[in-house]
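Please read them with the structure open beside you.

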Amino acid sequence: MVSNVADYKTEVHNDWCPGCGDFGIVNAIQMALAEMEIPRHKAAVFSGVGCSGKTSHYLNTYGVHTLHGRVLPFSQGAKLANPEMTVVAVGGDGDGLGIGAGHFVAAGRRNVDMTYIIFNNGVYGLTKGQASPTLKLGLKTKSLPEPNVNQSVNPIALAIASGYTFVARGYAYDVRQLKDLIIAAVKHRGLSFLDVLQPCPTYNDINTRDWFSGMDNIDEMTNKPRPRIYKLEDTGYDAFVHIDSPDEENEKLTQALIKSNEWDSKIPTGIFYKNEIIAPYDERMSERIPNYLENPPAYQEISHAGKSLTDISKMLDTLEI
């Protein structure tokens, strides 16, 4: 079967603002699904609330538009119910790192085999540009009455500290690299996190496309802009944990944390950390339920002719005093 990008597009009218980085992210997801030739009925995209929440409407796969900050519980539950599905969760930086921050951290402990993509623009775009958790301290975007008074969350560092086994960053206007990162994230055995820098042309007038391109950072020798974005793979950076060794893992974690703090004049994209030695959640489940992968919950018959087939008598017996 040969898939085309058009197969993963819907007829739903897209009402994002012109120039929004969300367009690049959705295009990259569609390109990744097509290149991997994932059948549309074997893929499910879950979205939270915010501008990014509309993503599930624009991808011609199974789609679930969930609650604010709750995209990870929904998507993890779906993956555990049907491990054969390719599950991708998406949400904004406010959705995932504000109200959803507790779920973001807890997900790292489980290492469910799925992908989570955050659309990171530093503002709450849908509700008129309030500062999101990723906006840097002291910045004053066009809709803020005063400069941001809070320190920012570092999504890459938080994901690493929480236990995500694949951590990467992309840039919405570099669709080809972003597509490759999404493919790598989906193929990873374990929980993948992808932080995507996504300019908001309507409300964030600081971290703009021109800012990322270095239009304000002119090289005196060449008189050309010095882009802030650079690719880790171009520097010989090795993100992979190759052997089951605490020293190896600590070395890779440490270098990833150091790189995650680069900002302003140099902003790295690419894979920061990748560890497939840690067992994903479905393997842990299989140790307790031997036939879990052969007979997952989604395939189990729970009723027949309107009558429940579930026997809870053993559970009720344990409640007797």
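1. Terms first. Buried means under 20% relative accessible area, exposed means over 50%, and partly exposed lies in between, with a 1.4 Å probe and protein chains only. Helices (H or I, at least four residues) and strands (E, at least two) are DSSP runs, numbered from the N terminus. This is a predicted model, where local features need pLDDT of at least 70 and side-chain atom pairs count only at pLDDT 80 or more, while totals for chains, interfaces and linings use all residues. Residues are numbered from 1 along each chain as its sequence is written, and side-chain values use heavy atoms, with hydrogens and water left out.

2. Helix 6. This helix is mostly covered, with six of its eight residues buried. They are Pro155, Ile156, Ala157, Ala159, Ile160 and Ser162. Look at both ends. Asn154 caps the N-terminal end, where a side-chain oxygen lies 3.2 Å from the backbone nitrogen of Ile156. A polar contact here is a pair of N or O atoms within 3.5 Å; within protein, one must be able to donate a hydrogen and the other to accept it, and residues adjacent in sequence count only if both atoms are side-chain atoms. Just after the helix, Gly163 takes a positive phi of about 110°.

3. Helix 5. Residues 101–110 form this helix, and its buried residues are Phe104, Ala106, Ala107 and Gly108. What covers them? The cover for the buried residues of helix 5 includes helix 3 (71–81), helix 4 (93–99), strand 4 (115–120), helix 6 (155–162) and strand 8 (192–197). Just after helix 5, Asn111 has a positive phi of about 60°.

4. The cores. A nonpolar core is a set of buried Ala, Val, Leu, Ile, Met, Phe, Trp, Tyr and Cys residues joined through side-chain atoms within 4.5 Å. The largest one has 61 residues, and those with the most contacts inside it are Phe104, Tyr116, Ile117, Tyr164, Ile182 and Phe193. Helix 1 (residues 22–36) gives the most to this core, with seven residues. There is also a second, separate core of five residues, including Leu197, Trp211, Phe212 and Ile267. As a general point, nonpolar side chains in soluble globular proteins tend to be buried together.

5. Phe193. Which residues does Phe193 touch, leaving aside neighbours within four places in sequence? Its contacts (heavy atoms within 4.5 Å) are Phe104, Tyr116, Ile118, Pro155, Ile156, Ala159, Tyr164, Phe166, Val167 and Ala168.

6. Salt bridges. The whole structure has 13 of them. The criterion is a side-chain nitrogen of Lys or Arg within 4 Å of a carboxyl oxygen of Asp or Glu. Glu35 pairs with Lys179, the closest N and O atoms being 2.9 Å apart. That pair links distant parts of the chain: Glu35 is in helix 1 and Lys179 in helix 7 (residues 175–187), 144 residues apart. Lys179 counts as buried because its relative accessibility is 10%.

7. Asp195 bridges to Arg169, with the closest N and O atoms 3.5 Å apart. Asp195 sits in strand 8 and Arg169 in strand 7 (residues 166–171), 26 residues apart. Asp195 is buried, at 1% relative accessible area, and Arg169 is buried too, at 3%. Asp238 and Lys252 meet at 3.3 Å, N to O. Asp238 is partly exposed at 28% relative accessibility, whereas Lys252 is buried at 6%. Asp113, Arg189, Asp282 and Glu283 are linked in a salt-bridge network.

8. Asp95. This residue lies in helix 4. Is Asp95 buried or exposed? Asp95 is buried, because its relative accessible area is 3%. A polar atom of its side chain lies 2.7 Å from the backbone nitrogen of Gly69. Beyond neighbours within four places in sequence, the contacts of Asp95 are Gly48, Val49, Leu67, His68, Gly69, Val71 and Gly100. Asp95 and Gln130 are 35 residues apart in sequence and 13 Å apart in space, C-alpha to C-alpha.
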